[in-house]
There are 2 protein chains.
Amino acid sequence: MNGPEIEQLVKLLAKLPGLGPRSARRAALQLLKKKDQLLRPLADALTNAAENVVSCHVCGNLDTADPCAVCADGRRDSGLVCVVEEVADLWAIERTAGFKGVYHVVGGTLSALDGRGPQDLNVAALVERCAAGGVREVVLALNATVEGQTTSHYIADRLKESPVQITRLAHGVPVGGELDYLDDGTLVAALKARRAV
Amino acid sequence: MNGPEIEQLVKLLAKLPGLGPRSARRAALQLLKKKDQLLRPLADALTNAAENVVSCHVCGNLDTADPCAVCADGRRDSGLVCVVEEVADLWAIERTAGFKGVYHVVGGTLSALDGRGPQDLNVAALVERCAAGGVREVVLALNATVEGQTTSHYIADRLKESPVQITRLAHGVPVGGELDYLDDGTLVAALKARRAV
């Protein structure tokens, strides 16, 4: 009833994470109502991103330059490589400004259910990076889910022959968290990894 | 840290209703990951919509034609005009396929708090439409909120001189609703407007 242009816009917006069919319709209306402030700038930004954003051939980060700004930054420690599942995780760690090494995005997890095997992950490039020398330590920062941990084990296994130290993120009580609301697994992990004060 | 193209995209996506800064970031990543399936088609759809979608000069609906498909449809009763707040409300009524008249979008409600007065609403065009003849009945279908009802009263007042019948949507128990969960106002309205079985 709305003309194919509007329907097509709603259909595509509904594919974004966080938007369903109803909120996509609301978003489309908002866009059409604010043509000059929102619709045209967003169209330009998308075209711009489609043309200019590329995947970094070293780490897999998304940026307008290849190698990306993180890999190209000479002040960062290129001997310390943090392995993450997705670009979103890389950005999350970057937001903390607490890590001064470089990254490697493997692009997902192993998952027998979803049919994702080792060939779907960007692990071979990591092994090569480590074999080429210059890498001192690999920090496995995959999600603390079953799939993430399985993938961590797999990556550690693939790096067994490399002369690099392999570490993983600490498990424990989240900062600001209350013990009463924590799951048993986290509490046990925090107790086991207790540290001297 | 991500290059201005990505930041600009995230900033614009965060302005859509239903998306905050964090979900806009997720949406941007999803778009960049699926460049050919999602990013480019969405950019094209937005450009397309920006160029082709216009506001109907008769009723205010958004469509690629002016007058819009609803106003141009000869099978519809142009003597029956349904007044709604926004285009979204028009679409909601159209989805029910239960109304065979035409529409008039006033474009909002009166709101002293938000500084929206009568001059910000598209009421003058409605008065003209009614004065020009051909309109038999005006159905006030604004939201059943305080602002919506205030605006309904204002519109009814403006149409006092016109030779049209003014009606409003029925208030009552929503179909499928349970009495126990209804607010008092709705229950009283439903009791007052009770009908013979």
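Start with both chains: 48 residues of chain A are in contact with 48 residues of chain B, contact meaning heavy atoms within 4.5 Å. This is a predicted model, where local features need pLDDT of at least 70 and side-chain atom pairs count only at pLDDT 80 or more, while totals for chains, interfaces and linings use all residues. Residues are numbered from 1 along each chain as its sequence is written, chains are lettered from A in the order in which they are written, and side-chain values use heavy atoms, with hydrogens and water left out.

**The interface**

The area buried between chain A and chain B is about 4700 Å², with 74% from carbon and sulfur atoms. Buried area is the accessible area (1.4 Å probe) that two parts lose on being put together, summed over both.

Select Lys33(A) and Glu86(B). Their side chains meet in a salt bridge, 3.2 Å from N to O. The term needs a side-chain nitrogen of Lys or Arg within 4 Å of a carboxyl oxygen of Asp or Glu. The count between chain A and chain B is two.

**The sheet**

Now move to chain A. Look for an open sheet of four strands in the order 4-3-5-6, with parallel pairing. Strands are DSSP runs of E, at least two residues, and helices are runs of H or I, at least four, numbered from the N terminus. Two strands pair if DSSP finds at least two bridges between them.

Select strand 4 (101-105) and strand 6 (165-168) of chain A. Each has a single partner strand, so one side of each is left without a neighbour in the sheet.

Next, select strand 3 (77-84) and strand 5 (137-140) of chain A, joined by four bridges. One bridge pairs Val83(A) with Leu140(A).
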